[in-house]
Amino acid sequence: MNERYVIQSMYDYFKLAGKSAIVTGAANGIGAGIAETLSSLGVNVVACDIEDDALAEVARRLNEAGGTVTPLHCDIRRTEDIDRAVQTAVDSYGGVDILVNNAAGCGGGKKIDDIDDAEWDRLIELNLTCVYKFIMRVLPHMRAKKSGKIVNISSGAAITGDWSDPHYAAAKGGVISLGRELAVELAKDHIYINTIAPGLIRTRMVLPWESVEANNILVGRLGEPGDIGATTAFLASAASDFYTGQVLCPNGGSWMY
Ligand SMILES: NC(=O)c1ccc[n+]([C@@H]2O[C@H](COP(=O)([O-])OP(=O)(O)OC[C@H]3O[C@@H](n4cnc5c(N)ncnc54)[C@H](O)[C@@H]3O)[C@@H](O)[C@H]2O)c1
């Protein structure tokens, strides 16, 4: 079979080339993997993070490979930063077709007795409230076009329970519930919202005691950021137009949902 034909039909099937995306937390780990996958499929990306040097390096690498990636200092806790990210996508790429809410923080392995109110509020704000705030600020642009894809990154911790960080699990559970409710509200505007709840992915967020064995990963390896990039590309693309309100779990068979 002609390779060009295969590649062209894949592009047509996904219809991602020329789309505009915002990816949060794109300087490291899964977010960098998502930015790379989307960029390689022809998506113009506004890559947001607070780690400016790492972000610039990701953007440089992807742009050198032929992508169109704009690195932007954006602290998702600051509404003015969110507004600037949305405006950048509108000004540079003509709108926001895809929003990927990936940026988050972890608890570092705290038990419930180690958490005080301030620590609870910190993680709920970062991992849940900021997701809501970003969605609210892209919605007018998606509604105007009557189309949009929102992909939120949750976690297996929201589904299976975990040994620590109940505030992380609670925030990530909220991300799933928010996605389901908004899917119901937004379908009439052709805005589709789905959630990815990854298993163990090899990034700096992985805690020292995590392993293939401890997580019962049937395929025998940790996930890679590109595994989540591939799932995100699918959910951002026309190939998933019959999906909304769903939770996909790339986890190597670690648990079944
Ligand atoms: N690694 C895993 O095993 C795993 C499993 C399940 C879910 N997740 C989720 O995947 C996502 C990415 O995690 P990761 O493992 O790549 O971690 P990571 O720490 O490598 O990446 C997180 C990124 O978010 C950025 N970030 C943090 N706070 C920010 C803020 N206020 N504003 C903007 N950017 C900010 C960080 O600078 C970093 O670049 C998170 O939502 C995480 O909860 C990870």
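## Close-up views of a predicted model

**View 1. I98 and its neighbour across the sheet.** I98 stands opposite K149 in β5. Strand β4 (residues 98-101) and β5 (residues 148-153) pair in the parallel sense, with four bridges between them. Here two strands count as paired if DSSP finds at least two bridges between them, and helices (H or I, at least four residues) and strands (E, at least two) are DSSP runs numbered from the N terminus. Helix α7 (residues 166-186) packs on the sheet and touches β5, β6 (191-196) and β7, its direction making about 160 degrees with that of β6. Contact means heavy atoms within 4.5 Å; axes are lines fitted to C-alpha atoms, for helices over the stretch in contact, and angles run from 0 to 180 degrees between N-to-C directions.

A word on the model: it is predicted, so local features need pLDDT of at least 70 and side-chain atom pairs count only at pLDDT 80 or more, while totals for chains, interfaces and linings use all residues. Residues are numbered from 1 along each chain as its sequence is written, and side-chain values use heavy atoms, with hydrogens and water left out.

View 2. Seven strands make an open sheet with parallel pairing, in the order β3-β2-β1-β4-β5-β6-β7. At the edges are β3 (68-73) and β7 (247-248), each pairing on one side only. Helix α3 (residues 52-64) lies across β2 (44-49) and β3, and runs at about 175 degrees to β3.

**View 3. Strand β6, enclosed on both faces.** Six of the six residues of β6 are buried, so the strand is largely enclosed by the rest of the structure. Buried means under 20% relative accessible area, exposed over 50%, and partly exposed in between (1.4 Å probe, protein chains only). In a regular strand the side chains alternate between the two faces of the sheet. Here I191, I193 and T195 point one way, and Y192, N194 and I196 the other. Six bridges join β5 and β6 in the parallel sense, and G148 has I191 as its bridge partner in β6. On to β7: two bridges join this strand to β6, again running parallel, and I196 has L248 as its partner there.

View 4. Side chains of opposite charge can pair when their charged atoms come close. A salt bridge here is a side-chain nitrogen of Lys or Arg within 4 Å of a carboxyl oxygen of Asp or Glu, and the count by this rule is 18. In α3, R60 and E57 meet at 2.6 Å, N to O; they are three residues apart, and therefore separated by about one helical turn. R60 is partly exposed at 38% relative accessibility. In helix α5 (residues 117-145), E119 and R122 are also three residues apart, about one turn, and their closest N and O atoms are 2.9 Å apart. E119 counts as buried at 12% relative accessibility, whereas R122 is partly exposed at 36%.

**View 5. A linked network of charges.** R78, E80, D81 and R84 are joined in a network of salt bridges. Within this group, E80 and R78 meet at 3.0 Å, N to O. E80 is partly exposed, with a relative accessible area of 42%, and R78 is partly exposed too, at 41%.
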